[in-house]
Amino acid sequence: MSISKPTGASGSYFASLGVTAEVLRSVMADALSKGGDNCDLYFEHSSSTSVLLTDGKVNQASTHVSIGMGVRVRSGDQVGYAYSEDLSPDALRNAARTAAGIARESTERDIVNPVAIELPNHYPVAKPWDDVDISHRVKMVRKWEQAAFARDERIQRVEVSLSDASKVVMIVRPDGRLIEDWRPMTRANVRCTAEGLGPDGETVRESNGYNIAGRAGLEYFNEHRQEQLVSEAVDRTLFLIDAISPSPGEMPVVLAAGPSAILLHEAIGHGMEADFNRKRISIYADKMNETIANSQVTIVDDGTLLGARGSINVDDEGNKTERTVLVENGVLRSYMHDELSASHYGIQPTGSGRRQSFRHAPMPRMRSTLMEPGPHDPEEIIASVDKGIYCVTFSNGAVHIGGGDFSFYMKTGFLIENGKLGAPIKDVNIIGNGPEALARIDMVGNDLKVDEGGWTCGKDGQSVPVSQGMPTVRVSSLVVGGEQ
Amino acid sequence: MSTNLIDTAALIVETAKSLGASEVTAFAGEGTYTDVKQRDGAIEKWQDSQSRSASAALFVDDRYSVHSTNDLRPDALKAFLKRAIEATRHLQPDPERRLTDPELMGSTDLDQLDLVDTGNVEIDHRSWVDQMQRETTAAIPKNLRSAEGFVWSGSSAQAMVTSNGFVGTSASTEFGQGADVSMEDVGGKLPEAYDYAVARHHADLPSIQSIAEQVATRGARQLGSAAVASKRGAMLVENRVASRIIGTLVGPMSGGAIYEQRSCMADKLDASVTSAAFSLIDEPHLARGMGSRTHDGDGRPTERRTLIDQGRLTQWLINVYYGRKLGLDPTTGGTSNLIVPPGHRSTQEILGDLDWAIHVDGFLGGNSNPTTGRYSFGIRGMLYENGEAVAPVSEMNISGSVFDLMGGFIEAANDPWICGSTRSPSLLFDAVQFSGQ
């Protein structure tokens, strides 16, 4: 059950559901009827389908459909928000009048007749999911299951899920902008349980998995990706059987290229979302144009990567997305802005206003957060560490924005001893302070890799899809969990 | 309210049956919330939400699928169910997926749970949030960067209808208030602290002043924090964050994890999984409880269950489906209010007896491995020596096996936290591995 890419003119999708230009103007007039400075209407129709294989059978499917409109009214830095799940003109106007209550005057506002704006396309789709029937999905999932079992006899259980989602969004503004975007997404997840002999000859049972995601159709699952999905899931599970816990303490940490970018996301990214800085509660508030990292460090947040999970053709306030340079050769150059923070700072938004759905107001969010490559070979970076750890994969992270403390959970990695990779290690949390960790990145590799994992970022109760990427880096010191 | 919802759920059952489903469970729900935040004297965000939802579990010729939509226009709903049933036919059969036997279904008395505040309290969110924020600001005479007050109120209702005759309803109200602050610390750090309370009945909320004072205390405690040296030692986990530990213990008890062999509890039924000082109870019938309920997702009446009895794991959380797969009698698929019985001493009395302990008042990230029981969490809190607060602590981890952690459980304090569906007092553990400098 997938929503096809609309073929009509921008705006015609919701017009066919009764949301005409005249309705849009009347809803915006109600939204601004109490003197709000600005407003936005965000219409969304989304659907998703997934199939799940457990216990040797593709025996569960699920579909979800959601439709509605959210209206935000701004009065200075204040926001009124309401939404309606009913697109009838009366229901829309009722929501608009509720959101209008944030403002307290009564003035006449000009509402310009909406005119559609054309968008770039950062996620072209060759084989849309609405052309793919359930039985084809069932075949794909079975094939991955069989390939996982065939890869190693220690694999005992395999679970597989394949999901696709699509949504049509329409953003309408009183200045006359009408923007419609169609957003596809697909995600596949393979989980394995294996049993084998551990490092001390004891029987060890372990589970792990791998998932990949992007804004794409069926063509996403080319032969290479399918093979990698299965082999990574199996290999990452078997890895744990042999792995040990490192000794706890503070030590140098080398982060492998790719998924390690969770460090960027937690330690640096969130603190550079401008709402926290506008409120002066981020540890990066008041640091603009200051040197905050080694000159090898350049960090960008990019909404335009082709087919990336974190890409958007337009942000959820209707503003152009872009590649935003946050840190350039160690110097803080920009926060990520939505309209609210941009107008507070008197600059243009960076197209970072995002939301989970029409039920939520937008706020500054990351898209694809990347560190640009530096001068070092990855081998050189590992060789530079006498005693430390090399982190390869991660499961999750978290941050305190103001204090700057952040943590990320390493699922797999290796000890480093005398410049060489040693015993495999697993399941430890790593903790540090964002600005301090950023300042302690003292070697950046030349091997930038964008991770294809299906990362989801949570903030203030809202989840949005994101991507991240990083070259190999060395952090001179972080606190690593583990047991003596 | 719920009559409409029962009608909606019944319509889904009837429509799905007429389109070819052999059995159906349908849910219909609705909710209304108002959510207001005020920072440093000005309203920041005011959100009014009215939501509705419908979902269905479809059983079609021994095949199973689940679906949800908020598009309840009759034609859209019919088309949705038709596609859903068609999709289900392409799956592989799963004969254990059937409705619960009617004789096992039922509900306990909803009214006794007292989950709805019928007091018709006229709530002025504007003055409520203003007082919440201003009292917090006033409680913090120095080092305050910014204070935010937040309040919310709402109500929700749900109906569950099955094609074999079960009808269950639930309804509840909710009122919450709290504040968070950013403190000015050395080195440009702006550590945060917060506190909040939530209750089913407005009159049960603690005073705004008590929350403001709690936030002030917690804010002051953050200042100057740093890691101390790695050490194995005692840990007292504050009541309001103990759910992190309880969750690590309960997650692997689910029927799905047991069946899929992804559980460290799989070979532990009737075995000792914690020290004898620890018990854990699931109590669905707590009056005004945040997790209270009359029936579970299978339409079976809820009952009080002792999950861990003085250290012994007495049961897993097995729903009807996994009960059939595992050949076991079902218990229930999920927990309601989890209760750790409180002890007799205050946290200060407990800390006074220890020469070294870290009082953990917050977790930061981390994870646990349900298959092996290994965990590793970031923590913050206060180092105590001989009952005296010595140094605020942050940027440290705790790591180990959940069985070692729980085996080292010594004592529960007398301070159960009642805001939430995990009601735990502060918990004392021995010989926990801390990693720091």
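**Figure 1. Chain A splits into two domains.** In this predicted model, chain A is divided into domain 1, residues 12-242, and domain 2, residues 249-480. Taken over C-alpha atoms, the centres of these two domains of chain A are separated by 23 Å. Where they meet, 37 residues of domain 1 of chain A are in contact with 27 residues of domain 2 of chain A. On the domain 1 side, at least two residues each come from β1 (38-54), β2, β3 (78-84), β6 (177-197), β7 (203-214) and α5 (223-242) of chain A. β2(A) gives the most to that side, with 6 residues. Sorted by class, the side of domain 1 of chain A that touches domain 2 of chain A has 17 nonpolar, 8 polar and 12 charged residues.

**Figure 2. Chain A as a whole.** Along the principal axes, the C-alpha atoms of chain A fill a box of roughly 75 × 55 × 30 Å. Of the 484 residues in chain A, 61% are buried. Look at the contacts in chain A between residues at least 6 apart in sequence, and 76% of them join residues at least 24 apart.

Figure 3. One partner is strand β9 (residues 299-302) of chain A, which runs antiparallel to β14(A) and is joined to it by 4 bridges. Here A:Ile299 stands opposite A:Met371. Another partner is strand β22 (residues 467-470) of chain A, which pairs with β14(A) in the parallel sense over 3 bridges. In that pairing, A:Ser368 stands opposite A:Ser467.

**Figure 4. Where chain B meets chain A.** Now both chains are in view, with 64 residues of chain B in contact with 68 residues of chain A. The elements of chain B that give two or more residues to its side of this meeting place are β2, β3, α2 (74-88), β4 (144-162), β12 (357-369), β13 (374-385), β14 and β17 (427-435). The largest share of that side, 10 residues, comes from β2(B). By class, the side of chain B that touches chain A has 15 nonpolar, 33 polar and 16 charged residues. Strands pair across the two chains as well: 5 bridges join strand β2 (residues 57-75) of chain A to β3(B), and these strands run parallel. Find A:Thr63 and you will see B:His67 of β3(B) opposite.

**Figure 5. The two domains of chain B.** The domain assignment of chain B gives domain 1 (2-32 + 47-113) and domain 2 (231-435). Their C-alpha centres lie 34 Å apart. Contact between them involves 11 residues of domain 1 of chain B and 14 residues of domain 2 of chain B. On the domain 1 side, those residues divide into 4 nonpolar, 4 polar and 3 charged.

**Figure 6. A five-strand sheet in chain B.** The strands of this open sheet follow the order β10-β9-β8-β11-β16 in chain B, with mixed pairing. β10 (312-313) and β16 (422-423) of chain B stand at the edges, each with a single partner strand, so one side of each is left without a neighbour in the sheet. Further in, strand β8 (residues 280-282) of chain B and strand β9 (residues 305-309) of chain B run antiparallel and are joined by 3 bridges. B:Asp282 stands opposite B:Arg305 of β9(B).

Figure 7. With 15 other C-beta atoms within 10 Å, B:Asp62 is partly exposed. B:Glu395 counts as buried, with 27 C-beta neighbours inside 10 Å.

Notes:
Residues numbered from 1 in each chain as written. Chains lettered and ligands numbered in written order. Predicted model: local features only at pLDDT ≥ 70, side-chain atom pairs only at ≥ 80, totals over all residues. Buried ≥ 20, exposed ≤ 12 C-beta atoms within 10 Å, placed from the backbone. Contact = placed C-beta atoms within 7 Å. Nonpolar A, V, L, I, M, F, W, Y, C, P; charged D, E, K, R; others polar. Pairing = 2+ DSSP bridges. Domains from an automatic or database assignment.
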